[in-house]
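Here are my notes on this one, jotted down while going through the strands and helices. Have a look at the model, then read on.

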Amino acid sequence: MNLRQIVEDFDGRLTKSDQRLVKALLANPAESAFLSSQELADKASVHPTTAVRLARKLGFDGYSELRLKLQSDLIGMSPAAERMQRRLEQLDHGSLSAFVDSEIGALRNLPNQVAQADMEKAARILCDANRIFLFGLGHAEAMVLLMDMRLSRSGYCTRIMRQSPRRLAPELMNIGANDAVLLFMFSEIEQDVQFILQHVRDVGAKSIVISDLIGPLLRPNPDVLLGASRGEVGDARSIVVPMTICNTLILLVSETDGGTSIKHLAKVTELRRKLESL
C-alpha cells in the first residue's frame, strides 16, 4: 500500500496537528519524500515531534521509515508523476501571476492524485442511481449548486440536502438503497458528512466524496473518494481543482449513460427557445 492508502485504512485517532501533517505530506509527495521532520513540521506549522508521533501511529518505527516509504512510492510512479512540479512558488500578496502559477501547479498534480478508474466508478454510480442527493458546506456549496444544475439538466433527479438537523433528518430518511449521495468537504472533517456517510452505508446506498487532502481521514470511507490538493500548504486554496473534477465527472456521465444526457440537454435547449419566443 502507498502512504495514502495507509492513512485511509488507519482506524485510530488523528489530532488536528496530525491532519495538517497528512495534508502536507500528500499535497506534493515528490517534495515531501525528501523533507526532514523539522522541514515538514515547519511546512505544516506544527511541532517537530508531531511528525515522529504521526509516523509511529501509522505503523512506522519513526519518521525516517515513513519518509523511505514515500520515496519508495515515488519510484513506482508513472513518468507523469515524476514530472510533477517539485515545489509551488509561494503566493505573493496581490500577485495575479503567482496565483495563476499556484492554480496551474495544483491542476498538474490532479491526475496523479485522482485515478481515472475512480472517476469512471463515480460516473457509473451516478448513472445507475434513482436519485442523487448532494451536500456540502462553506465553499463546497458552490460545487453543490454546480452539480445540481448540470446533473438535473442532463435528466438526473437531484436533491440538495441542507445542514440544519430539522431539514437534514427528513432528507436522510428519503435516501434509499438505489440512490447515490455526492458530498463535498474541504479543509476540515465535517461531522455532518461523517454522519451522512454512516447513514448511507446503513441503508445500502452509494456515496461519493469530492474533497481536498482531508478526504483520506474520513470515517467511514465513501464508496469513491475523489480527493486532491487545492494547492500547497500556505497557498490560496481555490475551487479550481474540485471544479475540474466535477466538470470531468459530468463528461464521463454523458459518455457512460448511452446518450441519455445528450437527449435531455437537447430537450432543455428546445424548451428554452420556446420560452424565449413567448
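1. Let me start at one pairing: Ser-211 has Gly-227 as its bridge partner in E5. Strand labels here are DSSP runs (E, at least two residues), helix labels are H or I runs of at least four residues, and both are numbered from the N terminus. E4 and E5 pair in the parallel sense over four bridges, where pairing takes at least two DSSP bridges between two strands.

2. Some housekeeping before going further. This is a predicted model, with local features needing pLDDT of at least 70 and side-chain atom pairs counting only at pLDDT 80 or more, while totals for chains, interfaces and linings use all residues. Residues are numbered from 1 along each chain as its sequence is written, and side-chain values use heavy atoms, with hydrogens and water left out.

3. Now the whole sheet. It is open and parallel, built from five strands in the order E2-E1-E3-E4-E5. Strand E2 (158-160) and strand E5 (224-227) sit at the edges with a single partner strand each, so one side of each has no neighbour in the sheet. On average, neighbouring strands are turned by 15° against each other, direction ignored; the axes are lines fitted to C-alpha atoms (for helices, over the stretch in contact), and angles run from 0 to 180 degrees between N-to-C directions.

4. E3 is well hidden: six of its six residues are buried, meaning under 20% relative accessible area with a 1.4 Å probe and protein chains only (exposed is over 50%, partly exposed in between). In a regular strand the side chains alternate between the two faces of the sheet. Here Ala-180, Leu-182 and Phe-184 point one way, Val-181, Leu-183 and Met-185 the other.

5. What about E4? Five of its six residues are buried. Six bridges join E3 to E4, which run parallel; Leu-183 has Val-209 in E4 as its bridge partner, and Phe-184 stands opposite Ile-210. From E3 the chain goes through H12 to E4 in a right-handed β-α-β crossover (with the strands pointing away from the viewer, the path from the first strand over the helix to the second runs clockwise).

6. Which way does H12 face? Val-193, Ile-196, Leu-197, His-199 and Val-200 are its buried residues. Seen down the helix axis, they fall within an arc of 165°, so they line one face of H12; that arc is taken from the directions from the axis to the C-beta atoms. Exposed Gln-191, Phe-195 and Asp-202 are on the face turned away from the buried side.

7. Last, the span of H12 (residues 191-203). Its 13 residues reach 19 Å from first C-alpha to last, close to the 18 Å expected at 1.5 Å a residue, the expected span being 1.5 Å times one less than the number of residues. Just after H12, Gly-204 takes a positive phi of about 85°.
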